[in-house]
Amino acid sequence: MNVDEFLKHEVSRRHFLGSSAKNAAGMAAGMVGLAAGAAALQAASSERAPSERVRVATIGVRNQGKLLAAGLASLGDVEVAALCDVDESLRPAAERAVSEITGRAPRFESDFRRILDDRSIDAVVIATPDHWHAPMTLLACEAGKDVYVEKPVSHNVCEGEQMIASARRYGRVVQSGLQQRSGKHFQTAVEFIKSGRLGAVHLAKAWTVHRRKPIGRKRDAAAPEGVNYDLWLGPAPLRPFNANRFHYNWHWFWDYGTGELGNWGCHMLDVARWGLGVELPLRVSSVGGRFHFNDDQETPDTLMVQYAYPNATIIWEHRLWSTHGVEGRSAAAAFYGDAGTLVVDRGGWKVYDLNETIASDTSEQSIAHLRNFIDCVKTRSRPAADIETGHISSALCHLGNIAYRVGREVSFNPATGTFGSDREADALLSRAYRSPWTLPTA
């Protein structure tokens, strides 16, 4: 379906509702689709022979991993054979999420290496904290597994480069969790931008604006019973257990996460650079800080990043203490042309300033992205958000964080993947791994 056919269909349904409430609905729609969208897909594929089914294991099952496991279980040609997490208290809910769909609970492991040693497993889903994404992906490729790895695909730029090399060397399918790439309305939005109907587009903006809760301050303590904390840390520096650095809140600490820029920014910056047709920038500047929250967080609650390209600019913004979004959307990307402007989020897209009403409603993304991954596992084709796509969009987040952390504009050389003679910035392109963990080489 081309952009005009898609528009004819979508506009006839209803106008794009561009409010923050609609966007929030679109944000949730992806995972709601795990139940609704999967039903039709399951009916279409449930008759396939067991020999055609792909055996998958999910590593990290608290939130996103549990949802991904349920989504995969809903596909009739997938067997969720195993679940894995260092926190055994997550086992019942994760097993139930799958067994309610399949009638059978997968086996549970607490050490991901047992998953990789299982030759009957065809593919793994990695939904762990960011600092584990690259090491697990590299080890999985080496073990002959295909991989679905959540965004950002890496904890730093050098890891992403290694992931591409490993996927290519071992001939593995590696899908990054940028599900917008599989959403029809995102695809047609990008097609519209590239059609020239907005005129020359030299500026794109991406953002997320919402009100997060403070995490407070907590003291170090013993790890809860049933948690393999040493394995959770993995290659990260040795630090005492602290509940504020554990479930979900790890996002806001540099040892494990990449802040909101790597969390929501990876999604929307991917859309921005996709629409502009650009990859890595030449210069990056970041301004922001921890202005609102007075708690244990390390990453900024307010940030503006500017990415400079030869003929275009991308601007990122996040505010984690506000509800008044940009262009009336809470998380979106906008493309500004000399003839018109297009704004797209998970709820749909709309064009402004032209003499006609052009808009699209939402489309299912999450199940479609999983479906694309499984199909590529079978056909050995490149997935919609191949690891190279995931690396570039993740690298934008890392570069923005680096500019913020060094406190000045940085000049980046995409050809060498370095900041030239800027040793302070270059030092943040990689990290030292805690013994005995090392970054596997491709």
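Visitor: What should I know about the model before we start?
Guide: This is a predicted model, in which local features need pLDDT of at least 70 and side-chain atom pairs count only at pLDDT 80 or more, while totals for chains, interfaces and linings use all residues. Residues are numbered from 1 along each chain as its sequence is written, and side-chain values use heavy atoms, with hydrogens and water left out.

Visitor: Why are α3 and α4 called roughly parallel?
Guide: Helix α3 (residues 64–73) and helix α4 (residues 91–102) pack at an angle of about 15°, with their axes 9 Å apart. Axes are lines fitted to C-alpha atoms, for helices over the stretch in contact, and angles run from 0 to 180 degrees between N-to-C directions. Angles under 35 degrees count as roughly parallel, over 145 as roughly antiparallel, 65 to 115 as roughly perpendicular and the rest as oblique, and α3 and α4 are therefore roughly parallel to each other.

Visitor: Which residues make the contact of α3 with α4?
Guide: With contact meaning heavy atoms within 4.5 Å, Lys66, Ala69, Ala70 and Ala73 of α3 meet Ala93, Ala94, Ala97, Val98, Ile101 and Thr102 of α4. These residues divide into eight nonpolar, one polar and one charged, where Ala, Val, Leu, Ile, Met, Phe, Trp, Tyr, Cys and Pro count as nonpolar, Asp, Glu, Lys and Arg as charged, and the others, Gly among them, as polar.

Visitor: What makes α7 and α13 roughly antiparallel?
Guide: The axes of helix α7 (residues 157–170) and helix α13 (residues 387–406) come within 9 Å and cross at roughly 175°; α7 and α13 are therefore roughly antiparallel to each other. Among the residues in their contact are Gly160, Met163 and Ile164 of α7 and His391, Ala395 and Leu399 of α13. By class, this contact has seven nonpolar, three polar and three charged residues.

Visitor: How do you know that α6 and α7 are roughly parallel?
Guide: The axes of α6 and α7 cross at roughly 10° and come within 9 Å, and the two helices are therefore roughly parallel to each other. Their contact includes His133 and Leu138 in α6, and Gln162 and Tyr170 in α7, and its residues divide into seven nonpolar, four polar and two charged.

Visitor: How much space lies in the largest pocket, and which residues are closest to its centre?
Guide: The largest pocket holds about 1000 Å³ of space, and of the 48 residues that line it, the closest to its centre are Asn63, Gln64, Tyr248, Trp250 and His251. By class, this lining has 22 nonpolar, 18 polar and eight charged residues. The second largest pocket has a volume of about 280 Å³.

Key. Helices (H or I, at least four residues) and strands (E, at least two) are DSSP runs, numbered from the N terminus. On a 1 Å grid over the protein atoms alone, a cavity is a set of points where a 1.4 Å probe fits but cannot get out, and a pocket is an open set with protein on both sides within 12 Å along at least five of seven lines; lining residues have an atom within 4 Å of a point. Grid points are joined across faces, edges and corners, and a volume is the space filled by probe spheres set on the points.
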